Amino acid sequence: MGRAVTVATCALNQWALDFEGNLERIFRSIDIAKSKGARYRLGPELEICGYGCSDHYYESDTLLHSFQVLEKLLESPATQDIICDVGMPILHRNVRYNCRVIFLNKKILLIRPKISLANAGNYRELRWFTPWSKARHVEEYFLPRIIQEVTGQETVPFGDAVLATKDTCLGAEICEELWAPNSPHIEMGLDGVEIFTNSSGSHHVLRKAHARVDLVNSATAKNGGIYILANQKGCDGDRLYYDGCAMISMNGETVAQGSQFSLDDVEVLVATLDLEDVRSYRAEISSRNLAASKVNPYPRVKVDFALSCPDDVAVPTCMPIQWRHHSPEEEISLGPACWLWDYLRRSKQAGFLLPLSGGIDSSATACIVYSMCHQVCLAVKNGNADVLADARRIVNDETYIPEDPREFCKRVFTTCYMASENSSQDTCNRAKLLAEQIGSYHINLNIDAAVKAVVGIFSVVTGRTPRFSVYGGSSRESLALQNVQARIRMVLAYLFAQLTLWARGMSGGLLVLGSANVDESLRGYLTKYDCSSADINPIGGISKTDLKNFIQYCLENFQLTALRSIMSAPPTAELEPLVDGQVAQTDEADMGMTYAELSIYGKLRKIAKAGPYSMFCKLINMWKEICTPREVASKVKHFFRMYSVNRHKMTTLTPSYHAENYSPDDNRFDLRPFLYNTSWSWQFRCIDQQVNAL
């Protein structure tokens with residue numbers, strides 16, 4: 001009797017609509033799985049077309065090209081003698097479904113549509129797909145002619161069914177179904193399914209990985225079984241970074257763990273597991289067995305194939321392992337770095353340009369690029385030919401081998417300190433020292449001439465000359481003068497990004513990096529179309545608190561001693577005149593709130609779904625030891641006034657790496673008006689009534 005089954009799962013760096021590349025990566029994963037003896041191979045959600053196609057799912061081209069890729073897979077000798085489970089969109093009776101297509105030896109065994117669609121936060125699956133609502137029901141699906149010619153089948157089963165092989169039974173879940181309260185694996189397990197599969201398109205959020213791992217392990221802890229999870233990895237053309245973490249679990253314990261962050265486009269996990277361990281585990285769970293005796297059975301698709309070999313007594317099986325989680329600082333160091341690398345190589349640019357101010361945010365961004373350079377050198381050292389080829393194309397040198405992160409950084413990363421008369425020597429020195437330590441090509445320039453020219457045009461036209469408030473000007477004049485400086489820096493950043501390499505006798509252009517953190521974006525503490533306006537922003541979804549911890553991590557792990565003085569300096573925009581040569585303006589004083597408070601406001605507003613009144617009610621208890629109810633009311637009102645006044649800035653926010661669930665990203669994640677009644681009269685009156693009552 002066959003007992004030991006060998007199964008494979010993978011994490012693939014698929015790219016939306018890159019059918020050529022996606023097919024090649026699928027083939028590579030199948031080759032690796034077969035070479036390691038696997039008899040079943042699972043891939044990520046919608047891997048054929050790429051998960052992030054968005055409104056391209058509406059196009060018939062996307063469906064056509066997906067079937068063309070499936071045709072290539074079906075007819076290839078590479079897919080023989082292994083059950084292949086791939087993801088693609090399918091139109092059934094004029095309804096579009098997110099599907100798994102499971103096939104073996106040029107025959108499609110089952111098309112399994114997704115039952116629970118992800119439709120919160122960054123996900124909009126209900127916009128493009130319809131959930132399959134017919135539980136345990138199978139219909140006939142009429143195959144397109146190009147597939148019929150390969151398989152010899154006119155119709156195949158389509159619906160909620162499981163596969164019965166010679167030695168076991170497999171059931172599929174798709175991403176969100178694992179997170180649903182009524183996950184299919186519960187009923188499938190009671191009906192005798194021993195191997196559960198899950199193809200995911202799950203993105204990285206700081207401190208989230210453990211939740212996914214716990215869900216997978218708990219899926220089989222109560223019910224027994226083997227759980228196999230595949231996931232997308234990398235940047236597939238959007239703000240999200242899919243963080244791999246492919247895994248295999250049995251009876252509540254992890255037996256194989258994939259990497260969360262890496263530059264490998266294809267990662268395959270293979271495990272050999274004993275089915276008798278599942279059966280003996282289930283045998284003594286009496287509550288499970290009683291429930292199983294009453295379960296409504298699933299339709300079974302019989303498969304004349306075994307995942308095990310007849311004589312497998314001596315085959316070694318995998319043992320449980322301890323999952324290693326990254327710290328949040330490691331996640332910031334690795335996730336955005338991998339995202340930047342994907343964006344750089346896929347956009348076919350020659351590197352990055354960062355306005356480096358000498359503050360925490362731009363310094364953290366520089367450290368992430370330096371971490372990317374570390375990852376590239378490490379991948380090349382480990383024999384990653386794809387990364388080497390990409391690095392050579394980026395630097396335009398076919399013989400180049402990136403070995404030293406600082407040297408590679410010099411080739412692909414330009415930093416620029418843009419001084420004004422309001423800049424201190426301290427920030428200039430800090431930026432210069434950090435640039436030296438990470439190896440970036442550093443530029444020092446002064447923007448005063450450009451600022452004076454722009455303000456001069458206004459003075460000529462109007463006959464009036466605005467002044468800073470310290471020189472007797474109004475707050476409106478002072479703010480306008482600050483904004484001119486900030487916006488000129490953005491214009492110069494793009495000019496230098498386009499022409500710096502040309503001036504150095506090199507080819508290509510640079511991507512401009514932004515460095516506004518999630519808290520400043522939430523509060524709107526930035527100039528619209530200033531240096532926060534860039535091509536991409538690797539820290540736009542990360543809080544100031546986490547960035548400070550990340551800076552400390554880089555100081556210790558990369559030995560970047562320049563970061564010590566950057567950490568100790570108070571955050572400042574340096575847009576107002578110096579006083580006795582020293583910075584008089586600080587961010588927290590300007591904002592009227594601390595960064596720690598901003599993080600709390602952000603989490604309550606987005607994650608706890610709190611409006612002004614609910615936020616006040618929560619904070620009077622959270623802050624009862626440090627604030628009176630009247631002080632809490634004042635803080636909440638100030639936050640909502642500033643948030644609503646500045647919400648329009650989120651409509652032009654630079655595309656940012658999504659890392660926090662309280663991100664104010666207006667594009668998809670945090671959908672709100674951008675023209676508010678900023679008096680919040682009704683809401684604030686409710687707060688005042690409560691304050692008076694207290």
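This is a predicted model: local features need pLDDT of at least 70, side-chain atom pairs count only at pLDDT 80 or more; totals for chains, interfaces and linings use all residues.

Student: How far apart do the C-alpha centres of domain 1 and domain 2 lie?

Tutor: The division of the protein gives domain 1 (4-302), domain 2 (328-574) and domain 3 (592-693). For domain 1 and domain 2, the C-alpha centres are separated by 40 Å.

Student: What radius of gyration does the protein have, and what would a compact globule have?

Tutor: Let's begin with the extent of the C-alpha trace, about 90 × 75 × 45 Å along the principal axes. A compact globule of 694 residues would have a radius of gyration near 26 Å, so the value for the protein agrees with it, at 28 Å.

Student: What share of the contacts with a separation of 6 or more comes from residues 24 or more positions apart?

Tutor: The protein has 24 helices and 20 strands, and 59% of its 694 residues count as buried. Among contacts with a separation of 6 or more, the share from residues 24 or more positions apart is 74%.

Student: Does S199 count as buried or exposed?

Tutor: S199 sits in strand 10, which covers residues 195-200. Leaving aside residues up to four places away in sequence, S199 touches L42, G43, P44, E45, R100, E173, I174, C175 and A230. Buried means under 20% relative accessible area. S199 has 1% relative accessibility, so it counts as buried.

Student: Which residues are the closest to the centre of the largest cavity?

Tutor: A search of the whole structure turns up five cavities of 30 Å³ or more. The largest cavity has a volume of about 90 Å³. Of the 13 residues lining the largest cavity, the closest to its centre are Y51, G52, N122, Y242 and R668.

Student: How many residues in the lining of the largest cavity are charged?

Tutor: The lining of the largest cavity includes five nonpolar and three polar residues. The number of charged residues there is five.

Student: From which domains does the lining of the second largest pocket draw at least three residues each?

Tutor: The second largest pocket holds about 490 Å³ of space. Among the 18 residues that line the second largest pocket, A120, G121, Y123, H203 and N661 are the closest to its centre. By type, the lining of this pocket divides into eight nonpolar, six polar and four charged residues. The domains that each give at least three residues to the lining are domain 1 (4-302) and domain 3 (592-693).

Conventions:
Residues are numbered from 1 along each chain as its sequence is written. Side-chain values use heavy atoms; hydrogens and water are left out. On a 1 Å grid over the protein atoms alone, a cavity is a set of points where a 1.4 Å probe fits but cannot get out, and a pocket is an open set with protein on both sides within 12 Å along at least five of seven lines; lining residues have an atom within 4 Å of a point. Grid points are joined across faces, edges and corners, and a volume is the space filled by probe spheres set on the points. Ala, Val, Leu, Ile, Met, Phe, Trp, Tyr, Cys and Pro count as nonpolar, Asp, Glu, Lys and Arg as charged, and the others, Gly among them, as polar. Domain bounds come from an automatic or database domain assignment. Helices (H or I, at least four residues) and strands (E, at least two) are DSSP runs, numbered from the N terminus. The radius of gyration is taken over C-alpha atoms; the globule rule is 2.2 Å times the number of residues to the power 0.38. Buried means under 20% relative accessible area, exposed over 50%, partly exposed in between (1.4 Å probe, protein chains only). Contact means heavy atoms within 4.5 Å.
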